[in-house]
Amino acid sequence: MVAVLLPVLLLVLSHSTIGEPTFETIPLRFESVIQRLREFYQNYPDIVNDLVNNPFAKIRPELLLNNRTSSQNQSSDCERDLEILISAASQRQLWALKVLDAWGKPLPSGILKGNIFWLGNYDECLNPLYQINNKSFLQQPINTQYCALQSVPGSVQEITSSGIILGLCLPTSCNRQSIVTLLHEVFNVSHLTIDYLDCSNERTDERHDPLSGTIAFSVVLSLLASLILIGTLADLVLRLSVSSDENKKPHSKGHQDSLTESSNKNASLNSANQTSQYLTNPLPSIVFLAEFSAIRTLGHIFAIDKKENENSFAFLNGIRVLSLCWVILGHSFTFGIFYMSNIIDLLSASRNFAFQLITSGVFSVDTFFLLTGFLTAVLFVRHARKEKLSLRMMILYYVHRYVRLTPTFILVMFVKSFLQQPINTQYCALQSVPGSAQGITSSGITLGLCLPTSCNRQSIITLIQEILNVSSLNKNNLHCSNDRANEQHGPSSGTIALIIVLSFLVLLVFIGTIADIFLQVSVKPNEDEKSHSNGYHNLSEESSNKNVPVNSVYPASQYMAKPMPSIVFLAEFSAVRTLGHIFAIDKKENENSFVFLNGIRVLSLFWVILGHSFFFGLSYMSNILDLLSASRNFAFQLITSGVFSVDTFFLLTGFLTAVLFVRHARKEKLSLRMMILYYVHRYVRLTPTFILVMFVSIYLTPYFGQGPLFPVQQGFESTGCRNGGWWTSFLYIGNFFKSENMCLSVTWYLFNDMQFHWIAPLALIPFVMKQRAIGYIMTILFVLVSIGSILSLLLYYPSMVTHALDISSNATGPNFFDKIYQTPWCRISPYAFGLLTGFVVISTGRNYRLNTIVRVIGNILATVLGLVCIFSTYGDYILVPGLSRASLVAYQVLSRVGWSMSISWLIFICSINQGGIVNRILSFSIWTPLARLNYAAYLIHSTVIFVTIFNQSVPLYYQSMTFLNNYVSILCFSYLAAIVVVIFFETPFFVLEKKFLKR
């Protein structure tokens, strides 16, 4: 709980400053201000040199050019390469300028904030420069290495805050001694030795070849990996043997069923199951090897047994996990302190009351010690009661603990005051291209300014025009941290109205939670008197399969419904009950359910968030060329092909629409009432949550943070959306009517989803009225409309750019996103395939059995087709001219059809229970809670991404591991935020719908 609440508290609690600032007289005329600025800039180098007073300020790459003849480097190769570098830089050759640009710049911004890391650009030094025009890398005649020069001797692993670190980019032919000699002779820094220097070209473990320990460790890891691989294959053999023999052996319950037999044992893996015991005599080695199976281990990790053992302490799981979250929170902070460029800001943040939750994280370790002592006492006493206290028991007491901890541990081991100022200041971002902060583009330069808060945007522009003689600027080029939120001095009327609505919902949930707790307490003294009642919590199974987000009223609450119906109704809004529903996992699968769809839904949203985490941050990235270079990586196609994740959602929606519509039509006769509820339920299901999240993005996001480019004036939505464009969201027409004013950019999907829902009865009604041929024909017609629309538009607009990275960089010409990507007539084909798949499953039944050969061939073709859709545009990223226009048109026309066919086959094969291990993985119980949060997570994840991006004090720097770290963080916070959205936005309207529509 601490780990979850801390980020919220750190954002909400305001910072305070001790003492009252004293102000000096500020001249009112701009002429005087300009003169003072000029005087300041004339004396700025002296001011900073006096402040820093460090010889590292002398080490600048331009001095290397001015003193090119003074170096007497004794390394001939190093001397030759330096001469090549200096000559090329003097001739302004691009590769040489790239090398010098990678040097750390002395006296960077943020010195007064504690910035001692003058690192330059590590990647720019080591990697060749990517050229956009010919999609190739700039060749350079010498290889370079990155060296970190420290003012205090030590290693890079022992960074301390006591010394400055300067980055250098030099030829790889220069060893550390020759570099130190160069620094002595050229830069006159005499006290340096090789201990002050660490270079990227130094050999790992200070040897040219791998250490014997490294080789031995690699062999051990290889043996473990081989053992697990063999065990997994053995496990699969046993499972296949069971599948073929389960009809012959009535006493066998199957290999998988036995996984629950040992789930409560104190072992890390499941014991051999009943079926494997049956097979023990003929093949004991396979049964033993199967214990090492990765599949069995995963099953054990994610297995959740609802039947709690009376001797277990299940609550300890929560304490252990939350304590570890607290440990990781503290370590994430403390381990990064010595690699932080604004240590003064961190010391300032320590004055925040909530910061004590970090500094007090040491108690989390004490919690672990306490838990260990508790469990040791309990387990020791249990063992002593089972067997007499003996020497053997004591030996095992020590041996078990050592064996339990040591192997994993060994393997992992190898692998307070503020400075006052006379005036308040604001940060302003001056953009060379006018636009709003949320519309940052990579086509213009953004310059940061720090100016008094008394200056408004117009006065700052006037000042800049007079100093810099730049007449083309206006106040639209400027965005300041002191701008008014929502362009008003106080909260706008829309903000006030939204806060009132949210307050009412929070109050309703709070009252419902109190009512729910009251009912639970009231049930306990009566549960013995009412034999028909199984307890207040037991009714959750009754409604777990209903399409509602909260549990139905419990039997005990039904018993109490007459004396207090209002309390029973209010209890439906309970946050406790909603959380119980979200995380409830029913092991008894309903034969009419499609549990595997949970896995597809969750993994598809993971893919959506992966793509958005990447594309939404492109315009605030400081090394865009490195990113374009990374696009040449084959695996990068998994990001650019993330558009198929949305097609998967369309297909799932079509499939479920077909299945549920036919079920309802079979339960009750097709009627006008059923059709009205068909539309009303879908609208009520989607709209309230969507609208509330949209209004939060419009009116509250200006208050969600601060940063150099944080849109404090308008939030995350465009001016067109804020000025009335939001009404199109109520009608779900924003993707083709005034699409430039669309709110919540990700909601184009909802518009398409609703529009497909409107026209789906054209195929559904004939199908349920025994005119199945017409239903099939309509779905095929939808597919043909999509293919024809895309083809026609691409032929009509021959200059339309379809390359993903070109689209994101605001390429000129017809916009692919507006014309094709978000229009329903171009996107309906996956939805149509979903309807078609639903019709096929309904027609064949779920007990249908495919021929083995047909199933294998279908699996292979579907896999190949999916991989072709994802990776077939790789040539467009590596070939100089790219793929031909005809190839790109063919890809856009056919790729969604191919992807839809691949996913349709997956759904069909899993629906008839012939999906094998893929079906099992997609049916893991871990997906169920996440699937219940999926809709809310989709709505809120873009807000989470923007909050993360715009609260950055410096631009994003693309690195694969950093990007992966940010993605996982955004993914976790999106689902955490989704829990809040479900409790306060989604659940109340579900309860009201169930109450008034009797669903």
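Biologist: Before we start, what counts as a helix, and how are helices numbered?
Modeller: A helix is a DSSP run of type H or I with at least four residues, and helices are numbered from the N terminus. Please note that this is a predicted model.

Biologist: Understood. Which helix holds Glu124?
Modeller: Glu124 lies in helix H6, which covers residues 122-126.

Biologist: Is Glu124 buried or exposed?
Modeller: Glu124 has a relative accessible area of 17%. Buried means under 20%, so Glu124 counts as buried.

Biologist: And what does Glu124 touch?
Modeller: Leaving aside residues up to four places away in sequence, Glu124 touches Lys98, Asp101 and Ala102.

Biologist: Let us turn to the disulfides. How many does the structure hold?
Modeller: The structure holds four disulfides. One of them is formed by Cys78 and Cys174, whose sulfur atoms are 1.9 Å apart. This pair links distant parts of the chain, 96 residues apart. Cys78 is in helix H4 (residues 76-90), while Cys174 is in the loop between strand E5 (165-171) and helix H7 (176-187).

Biologist: Why is the disulfide of Cys78 and Cys174 called right-handed?
Modeller: The torsion about its S-S bond is about 85°, and therefore the disulfide of Cys78 and Cys174 is right-handed. Cys78 and Cys174 are both buried.

Biologist: What about Cys147?
Modeller: Cys147 forms a disulfide with Cys199, with 2.1 Å between the sulfur atoms. Cys147 belongs to strand E4 (residues 144-150) and Cys199 to strand E6 (residues 197-199), so the pair ties together parts that are 52 residues apart in sequence. The link of Cys147 and Cys199 is right-handed, with 110° about the S-S bond. Cys147 and Cys199 are buried.

Biologist: Which cysteine does Cys721 join?
Modeller: Cys721 is joined to Cys743 by a disulfide, S to S 1.9 Å. Cys721 sits in helix H28 (residues 719-725) and Cys743 in the loop between helix H29 (727-731) and helix H30 (748-759), so this pair ties together parts that are 22 residues apart in sequence. Both Cys721 and Cys743 are buried.

Biologist: Changing topic, how far apart are the end C-alpha atoms of helix H15?
Modeller: They are 37 Å apart. Helix H15 (residues 362-386) has 25 residues, which at 1.5 Å a residue should span 36 Å, so the two values agree.

Biologist: Which residues of H15 are buried, for instance?
Modeller: Ser364, Leu371 and Val378 are buried in H15. Helix H12 (315-334) is included in what covers the buried residues of H15.

Biologist: Finally, what volume does the second largest cavity have, and which residues line it?
Modeller: Its volume is about 50 Å³. The lining consists of Val684, Arg685, Pro688, Thr689, Glu986, Phe989, Phe990 and Glu993. Helix H27 (672-699) and helix H42 (960-997) each supply at least two residues of that lining.

Definitions and conventions: Residues are numbered from 1 along each chain as its sequence is written. This is a predicted model: local features need pLDDT of at least 70, side-chain atom pairs count only at pLDDT 80 or more; totals for chains, interfaces and linings use all residues. Side-chain values use heavy atoms; hydrogens and water are left out. On a 1 Å grid over the protein atoms alone, a cavity is a set of points where a 1.4 Å probe fits but cannot get out, and a pocket is an open set with protein on both sides within 12 Å along at least five of seven lines; lining residues have an atom within 4 Å of a point. Grid points are joined across faces, edges and corners, and a volume is the space filled by probe spheres set on the points. Buried means under 20% relative accessible area, exposed over 50%, partly exposed in between (1.4 Å probe, protein chains only). Contact means heavy atoms within 4.5 Å. The expected span of a helix is 1.5 Å times one less than its number of residues. A disulfide is a pair of cysteine sulfur atoms within 2.5 Å.
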